[in-house]
Amino acid sequence: MKKRSWKQIKLAALTLTVFWLCAGAALAAGGGSQSDPLVTLSYLTQTVQPDILRQVEERANTRQADLMTQFEHRLDQLQGGTGGSATYTLVTLSSGDRLELEVGCELMLRVGSAAVNSATEPALIDMTTGGTLANAGSLVQNHLYMATIPDRTLTASAGTVKLLVRGGYSIR
């Protein structure tokens, strides 16, 4: 076994002493207590909280403006009886009202009676039977029809007519 020199022993003792002094100083500093916290309550309430609230309010106002724009755009589409949707919409017509259909519009007569008007044949495709409906023909209740050619209109002939409509249309 080698003998250690006095210099090595002194160096080791000095190193241990410095280590214990640093550890004691760190413990004495106490990394934050109620009387001396790392972050003060006044900093949180006077600086951080108002900044966060300002950012949230800015984002909320921006989102609100976006939603209002979307709402107004959709409202403009629906005014005047125009519509177009991926889901069926219940449309109510009075006697004499006309429903103008866009290409691809699907409809089903639920209540009342209505006749189709077109300049060319077929006026509508009856998707329930696989047949067609000619100009001036009356719709059959609970049959699904599709407009495959532009300039197709329905005229309500009963006092109240209710239709399920999916796709583009307008009421005149």
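**Entry 1**

I started at Arg54, which counts as partly exposed at 40% relative accessibility. The model is a predicted one, and I kept that in mind for every entry below.

I looked up what Arg54 pairs with. Asp51 forms a salt bridge with Arg54, and their closest N and O atoms are 2.5 Å apart. I then found a salt bridge between the side chains of Glu58 and Arg54, at 3.1 Å from N to O.

Asp51 and Arg54 both lie in helix α2, three residues apart, which is about one turn of the helix. Glu58 and Arg54 are also both in helix α2, four residues apart, again about one turn.

Asp51 is partly exposed, at 32% relative accessibility. Glu58 is partly exposed too, at 44%.

**Entry 2. The chain as a whole**

The protein chain has two helices and ten strands.

I noted the burial next: of the 172 residues of the protein chain, 20% count as buried. The chain exposes about 12100 Å², and carbon and sulfur atoms supply 60% of that area.

I also looked up how far apart in sequence the contacting residues are. Of the contacts between residues at least 6 apart in sequence, 74% join residues at least 24 apart.

**Entry 3. A salt bridge between strands**

A search of the whole structure gives five salt bridges. Which residue forms a salt bridge with Glu106? Arg166 does, with the closest N and O atoms 2.6 Å apart. Arg166 lies in strand β9 (residues 160-166) and Glu106 in strand β3 (residues 106-111), so the pair ties together parts that are 60 residues apart in sequence.

Is Glu106 buried or exposed? Glu106 counts as buried because its relative accessibility is 10%, and the cut-off for buried is under 20%. Arg166 is partly exposed, with a relative accessible area of 28%.

I then looked at Tyr169, which is in strand β10 (residues 169-171). Tyr169 counts as buried at 10% relative accessibility. The C-alpha atoms of Tyr169 and Glu106 are 9.6 Å apart, while the two residues are 63 apart along the chain.

**Entry 4. The nonpolar core**

I looked for where nonpolar side chains gather. In soluble globular proteins, nonpolar side chains tend to be buried together. The largest nonpolar core here has 22 residues. Leu99, Leu124, Leu139, Leu154 and Leu163 have the most contacts inside this core.

Which elements give two or more residues to the core? They are β1 (89-94), β2 (98-101), β3, β4 (114-117), β8 (152-156) and β9. The largest share, three residues, comes from β9.

Leaving out residues up to four places away in sequence, Leu154 touches Asp97, Arg98, Leu99, Leu101, Leu107, Ala115, Val116, Asn117, Leu124, Leu139 and Leu163.

**Entry 5. Nonpolar residues on the surface**

I turned to the surface. Leu38, Val39, Leu41, Tyr43 and Leu44 form a nonpolar patch there, with about 550 Å² of accessible area together. I followed up Leu44, which lies in helix α2 (residues 41-78). At 40% relative accessibility, Leu44 counts as partly exposed.

**Entry 6. Aromatic rings**

How many does the whole structure hold? The search finds one. The rings of Phe19 and Trp20 have their centres 5.3 Å apart and their planes at 70 degrees, so the pair is edge-to-face. The cut-off for edge-to-face is over 60 degrees.

Phe19 is partly exposed, with a relative accessible area of 48%. Trp20 counts as exposed, at 58% relative accessibility, because the cut-off for exposed is over 50%.

Conventions. Residues are numbered from 1 along each chain as its sequence is written. This is a predicted model: local features need pLDDT of at least 70, side-chain atom pairs count only at pLDDT 80 or more; totals for chains, interfaces and linings use all residues. Side-chain values use heavy atoms; hydrogens and water are left out. Buried means under 20% relative accessible area, exposed over 50%, partly exposed in between (1.4 Å probe, protein chains only). Contact means heavy atoms within 4.5 Å. Accessible areas come from the Shrake-Rupley method with a 1.4 Å probe; for residues, only the protein chains shown count as cover. Patches are made of residues with over 30% relative accessible area and no salt bridge: like charges are joined within 9 Å, nonpolar side chains (Val, Leu, Ile, Met, Phe, Trp, Tyr) within 5 Å. A salt bridge is a side-chain nitrogen of Lys or Arg within 4 Å of a carboxyl oxygen of Asp or Glu. Rings of Phe, Tyr and Trp (its six-membered ring) pair if their centres lie within 6.5 Å; planes under 30 degrees apart count as stacked, over 60 as edge-to-face and the rest as tilted. A nonpolar core is a set of buried Ala, Val, Leu, Ile, Met, Phe, Trp, Tyr and Cys residues joined through side-chain atoms within 4.5 Å.
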